[in-house]
Amino acid sequence: TGIEAFYDSLLRGQSGAVTQFRDAKGTLLGEPETTDPVIGASLHLTIDAEFQNYFFDRFEAGLRSLGRISGVGLAMDPRNGEVLALFNFPTFDNNLFVASGRNEEKQELLQSPNRPLFNRAVAGFYNPGSTIKPLVGIAALAEGVISPERELFSPGYLDVPNPYNPEQPTRYLDWRYQGNVDLSAALAQSSNVYFYTVAGGFGDVKGIGITRLHQWWERFGLGKATGIDLPAEAEGLLPTPEYKEDKTGRPWLLGDTYNVGIGQGDLLLTPIQILNYTSAIANGGALYQPFLNGGTQPRLQANVAAPPSSMNEVRQGMVEAVEAPLGTAYVLNDLPFAVAAKTGSAQVRNNTQENAFFIGYAPAHDPEIAILVLVENSKEGSLNTLPIAKDVLNWYYNKRINTNK
């Protein structure tokens, strides 16, 4: 069901055959005709096996320490779309399905509520949480909604006046008091109030609005399959006012724009889409098709056509997330190379659980790797992803980047 299924026609080859002709009495007529079998072609993957093994083992240890079982690890080269690592948890033993018997174990896998056979990396739907904020920041700058130096104040919430009851405004929460933040600080500190405002508008900031926001999502390849060479890739969901009205019978509200502006609401993406869009930010706007077949050439799907100045400002904010003491990824600041990062967490199951994300790339100013770490039902939000991400990036620097110099 994985890479072997996608490339079955290449790998399978052709069976051999022996053809015999007999008359009605069964007498053999002439010599048998033999067709030799043809061995299938070899497939050389882009996966860095040593790196994948380390990433997998470190992720497994991280899940074990948290008492969690589900997640996704991804890594790709932002310069061309090569997938360097890809795995899902919970995992399973592929060899179970090769041998006969062991039916109870097979049934347990097939019926497990944890869905170990489901490829979360390419088919899982997730609210991206704050990992969508770099894209919102690029859109806000490109659309002239705000300047990079303009500061917005977050006391820890945003109160929208209620015209029918002025004493009971609708409150949208930040995750903590932020104070005055410009774009770079808002990305570094992951200010919800800042991104509520630039997405939907508040005060004298008009906001991007859902229509233009939707257009920017699409520019970065969201809402459609990336084209990775794996079966059953999902497209995700980009909500629109029409979608909500058809689904619920209710109109799109300002609060809906606020929610999708911080990666919540009905915005649903796959992990490979999130990492692919991150890679486009890392490389300056080139959107590559992710691929696993090392025998193919990189395919440039699109250029996101964002102003370079907007991209640079957002990249700086992602660097500040690591280098500034208030940055949400500050724990990575002592790595041996500069890293750009964004953490995120998304409330799921009626706010009873929280998925934790980390996206990042390095070296920050000449990226060679972009990674995604997703822990489902995390204990402490994005904090649970940072130790894994730090060790994985440190390994890659010491074993790959530093040795190439």
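Does Tyr258 count as buried or exposed, and at what relative accessibility? Tyr258 counts as buried, because its relative accessibility is 0%. Buried here means under 20% relative accessible area, exposed means over 50%, and partly exposed lies in between, with a 1.4 Å probe and protein chains only.

Some ground rules. This is a predicted model, where local features need pLDDT of at least 70 and side-chain atom pairs count only at pLDDT 80 or more, while totals for chains, interfaces and linings use all residues. Residues are numbered from 1 along each chain as its sequence is written, and side-chain values use heavy atoms, with hydrogens and water left out.

Rings next. Rings of Phe, Tyr and Trp (its six-membered ring) pair if their centres lie within 6.5 Å; planes under 30 degrees apart are stacked, over 60 edge-to-face, and the rest tilted. By this rule there are 20 aromatic pairs. Take Phe59 and Phe89. Their ring centres are 5.5 Å apart and their planes are at 10°, so this pair is stacked. Phe59 sits in helix 3 (residues 49-66) and Phe89 in strand 4 (residues 83-89), so the pair ties together parts 30 residues apart in sequence. Helices (H or I, at least four residues) and strands (E, at least two) are DSSP runs, numbered from the N terminus. Both Phe59 and Phe89 are buried.

Back to Tyr258. Its ring centre is 5.4 Å from that of Tyr196, with the planes at 35°, so the pair is tilted. Tyr196 lies in helix 8 (residues 192-200) and Tyr258 in helix 11 (residues 254-261), so this contact ties together parts 62 residues apart in sequence. Tyr196 has 4% relative accessibility, so Tyr196 counts as buried too.

There is also a cluster. Ring pairs link Phe51, Tyr54, Phe55, Phe56, Phe59, Phe87, Phe89, Trp395 and Tyr396.

Now charges over rings. The test is NZ of Lys or CZ of Arg within 6 Å of the ring centre and within 35 degrees of the ring normal. Arg115 lies over the face of Phe118, at 4.3 Å from the ring centre. Arg171 lies over the face of Tyr157, at 3.7 Å from the ring centre.

Two strands pair if DSSP finds at least two bridges between them.

Which residues of strand 13 point each way? Ile369, Ile371, Val373 and Val375 point one way, Ala370, Leu372 and Leu374 the other, and all are buried. In strand 13 (residues 369-375), 7 of the 7 residues are buried, so the strand is largely enclosed by the rest of the structure.

Its partners: strand 3 (residues 71-76) joins strand 13 through 6 bridges, antiparallel. Gly73 has Val373 as its bridge partner there. Strand 12 (residues 353-362) pairs with strand 13 over 7 bridges, also antiparallel. Gly360 is bridged to Ile371. Strands 12 and 13 form a hairpin with 6 residues between them. Strand 11 joins strand 12 through 9 bridges, with Ala340 partnered by Tyr361.

Last, helix packing. Helix 6 (residues 133-142) and helix 8 pack at about 45°, axes 10 Å apart. Axes are lines fitted to C-alpha atoms, for helices over the stretch in contact, with angles from 0 to 180 degrees between N-to-C directions. That makes helix 6 oblique to helix 8; under 35 degrees is roughly parallel, over 145 roughly antiparallel, 65 to 115 roughly perpendicular, and the rest oblique.
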